[in-house]
Amino acid sequence: MPYMQRDALIQASQFQSTAARTPPGLVVQQLSLSYPGNGSALVDINLDIPAGAVTAVIGPSGCGKSTLLRCFNRMNDTIEGCRYSGAIYVGDNNVLAAATDVTALRRRVGMVFQRPNPFAKSIYDNVAYGPRIGGIRRKRDLDEIVERALRDVALWDEVSDRLHTGALRLSLGQQQRLVLARTIAIEPEVLLLDEPASSLDPISTLKIEELIYELKHTYTIIIVTHNMQQAARVSDWTAFMNGGKLVEFDETDRIFTNPVERATEDYITGRYG
Amino acid sequence: MSEKLSYKQHISAQFNAELDAIKNDLLEMGGKVENQIELATEALLQTDSEPAEAAILIDRSINRLEVEIDEQCARILARRQPAASDLRLIIAIAKVTTDLERIGDEASKVARVAIKLAPVQSPQPTELRFRRIANHVNRMLRQSLDAFARQSVEQAVKVVLSDADIDDDYHSAMTELQQAMRTHPDHIEYLMEQVWALRSLERIGDHASSIAEQVVYLARGVDIRHADNEGLRNLIN
Ligand SMILES: Nc1ncnc2c1ncn2[C@@H]1O[C@H](COP(=O)(O)OP(=O)(O)O)[C@@H](O)[C@H]1O
Ligand SMILES: [Mg+2]
């Protein structure tokens with residue numbers, strides 16, 4: 001949907017609570033992956049990730065959370081010798097199919113990493129970066145996109161008077177929200193967040209969590225976190241992984257009050273593995 | 001059938017110690033409440049005020065334990081953010097504590113009735129039924145606490161199902177007391193006391209049953225408070 005059209009829709013629906021669009025869910029089928037010289041990192045993962053909700057992926061360090069996340073936008077393609085099989089459907093399209101246009105895929109499926117990584121440019125140029133590549137040139141259009149994205153991540157009020165100063169001068173928490181603004185400025189449908197708050201202080205962390213809550217109606221969000229309380233706070237669904245396998249997937253309420261698998265129970269209650 | 005007994009230890013030894021401490025306090029509180037009911041019912045049945053005084057004295061330490069256990073629950077929730085079985089344990093303990101405290105209150109009421117009735121010779125048409133009801137609720141409490149300690153779903157469900165067994169005795173005793181009031185209008189004051197004691201015993205049975213319900217929640221994560229008998233039996237078959 002073009003940006004102007006989306007704005008018009010949002011304005012038109014200001015007094016209704018109807019979401020402007022419905023993002024797709026993700027279906028993972030028999031996904032396996034191995035890194036060169038490192039054996040299997042993912043083993044036969046089958047998973048239905050619900051649309052327009054937050055799914056948390058939890059599990060011990062090295063269990064394959066980031067690897068799984070990187071499959072959703074084919075980031076693992078950049079790793080030499082990495083092999084995978086299976087299918088991942090975003091809507092009707094199999095992401096893993098050879099014919100997939102990876103650049104187009106990464107516009108649909110945006111990703112935010114643990115360390116905030118804004119470009120060494122102005123705040124404005126960080127957010128306008130994607131839309132400009134997407135062909136938007138008119139200053140008025142770009143201004144609107146930048147303002148909306150910064151408002152969506154609750155950063156506008158803090159930076160509106162210094163949009164043209166360097167992004168790297170922001171605090172870490174602000175940088176991470178800027179990166180999120182940069183990611184949503186090109187209107188992806190799926191957001192992949194890999195421990196997005198783990199380098200932030202508690203207040204910035206809560207702000208990011210609040211954003212996730214706000215954004216989940218318009219995006220399908222998958223968040224990897226090693227912070228179990230964070231998973232419990234922000235997610236609707238939780239996937240617990242161990243040793244490259246999906247151990248249990250269920251509603252977060254269920255996982256955190258009465259998980260089925262003993263391994264899940266031991267992990268979330270902090271018992272010896 | 002005891003389940004989930006084979007929990008591994010938490011990585012945090014301190015957390016293990018905190019959970020052990022709160023479980024021990026709960027069982028201590030349960031022991032005191034059991035003791036209190038025994039004394040109160042003995043006083044009532046023997047028309048002896050001495051055990052009744054003792055029962056009322058115990059109430060203070062029960063109240064103190066209730067406050068202490070609540071504080072421990074709040075502290076663990078705030079500091080440990082427990083999940084899964086740990087979370088259910090804390091929730092169950094908080095509820096069981098409330099039930100135990102109420103049982104303590106009811107037992108004190110029975111004890112006060114015993115003290116009032118001790119000096120008078122009022123008719124006791126229902127002594128046998130009283131005794132049966134008292135024994136029954138004592139047993140229910142003991143078994144529900146035992147089920148809690150062992151996390152035994154089977155034993156807990158049996159306690160809940162057995163709550164209905166005192167209904168017959170309870171209603172017959174009430175009817176007999178009403179008849180006695182008609183025959184001995186001059187004893188109405190004392191007979192009313194017996195009605196209160198009877199109702200207290202019945203409520204103790206209800207609380208024991210609700211303790212047993214918490215055992216099932218703790219062990220299986222299932223809420224059986226509004227389950228029918230068939231649903232209950234399915235849990236143990
Ligand atoms: N680029 C890589 N090359 C080789 N092995 C890797 C690479 N990335 C991750 N691994 C291995 O794959 C496993 C899963 O890693 P990862 O997905 O990063 O786990 P997590 O995010 O759950 O901590 C680990 O054993 C890790 O060492
Ligand atoms: Mg990782």
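**Close-up views of a predicted model**

**View 1. Ser34(A) and its partner across two paired strands of chain A.** In this predicted model, Ser34(A) stands opposite Arg83(A), a residue of strand 4 of chain A. The two strands concerned, strand 1 of chain A and strand 4 (residues 83-90) of chain A, pair in the antiparallel sense, and seven bridges connect them.

**View 2. The hairpin of strand 1 and strand 2 of chain A.** Strand 1 (residues 26-34) of chain A is also joined to strand 2 (residues 40-49) of chain A, here by six bridges and again with the strands running antiparallel. Within this pairing, Val28(A) has Leu47(A) of strand 2 of chain A opposite to it. The two strands form a hairpin with five residues between them, and in the turn Gly37(A) has a positive phi of about 65°.

**View 3. The open six-stranded sheet of chain A.** Six strands of chain A, in the order 6-7-8-3-9-10, make up an open sheet whose pairing is mixed. Its edges are formed by strand 6 (109-112) and strand 10 (245-251) of chain A, each of which pairs on one side only. On average, and with direction ignored, neighbouring strands of this sheet are turned by 15° against each other.

View 4. Strand 7 (residues 190-194) of chain A pairs with strand 8 (residues 220-224) of chain A in the parallel sense over five bridges, and Leu191(A) stands opposite Ile221(A) in strand 8 of chain A. Helix 7 (residues 172-184) of chain A lies across strand 6 and strand 7 of chain A, and runs at about 170° to strand 6 of chain A. Helix 8 (residues 202-215) of chain A packs on the sheet, where it touches strand 3 (54-58), strand 7 and strand 8 of chain A, and its direction makes about 150° with that of strand 8 of chain A.

**View 5. Two helices of chain B that cross.** The axes of helix 3 (residues 84-117) of chain B and helix 7 (residues 188-220) of chain B come within 9 Å and cross at roughly 165°; the two helices are therefore roughly antiparallel to each other. The residues of their contact divide into 19 nonpolar, six polar and nine charged. The crossing of these helices is left-handed.

View 6. Chain B averages a pLDDT of 91, with 95% of the residues scoring at least 70, but over residues 1-5 of chain B pLDDT stays under 50. Where pLDDT is low, the predicted coordinates should not be read in detail. The model as a whole scores ipTM 0.80 and pTM 0.85.

Key. Residues are numbered from 1 along each chain as its sequence is written. Chains are lettered from A and ligands numbered from 1 in the order in which they are written. This is a predicted model: local features need pLDDT of at least 70, side-chain atom pairs count only at pLDDT 80 or more; totals for chains, interfaces and linings use all residues. Side-chain values use heavy atoms; hydrogens and water are left out. pLDDT is the predictor's confidence in each residue, from 0 to 100. Contact means heavy atoms within 4.5 Å. Two strands pair if DSSP finds at least two bridges between them. Helices (H or I, at least four residues) and strands (E, at least two) are DSSP runs, numbered from the N terminus. Axes are lines fitted to C-alpha atoms, for helices over the stretch in contact, and angles run from 0 to 180 degrees between N-to-C directions. Angles under 35 degrees count as roughly parallel, over 145 as roughly antiparallel, 65 to 115 as roughly perpendicular and the rest as oblique. A crossing is left-handed if the near helix is turned anticlockwise from the far one by less than a right angle, and right-handed if clockwise. Ala, Val, Leu, Ile, Met, Phe, Trp, Tyr, Cys and Pro count as nonpolar, Asp, Glu, Lys and Arg as charged, and the others, Gly among them, as polar.
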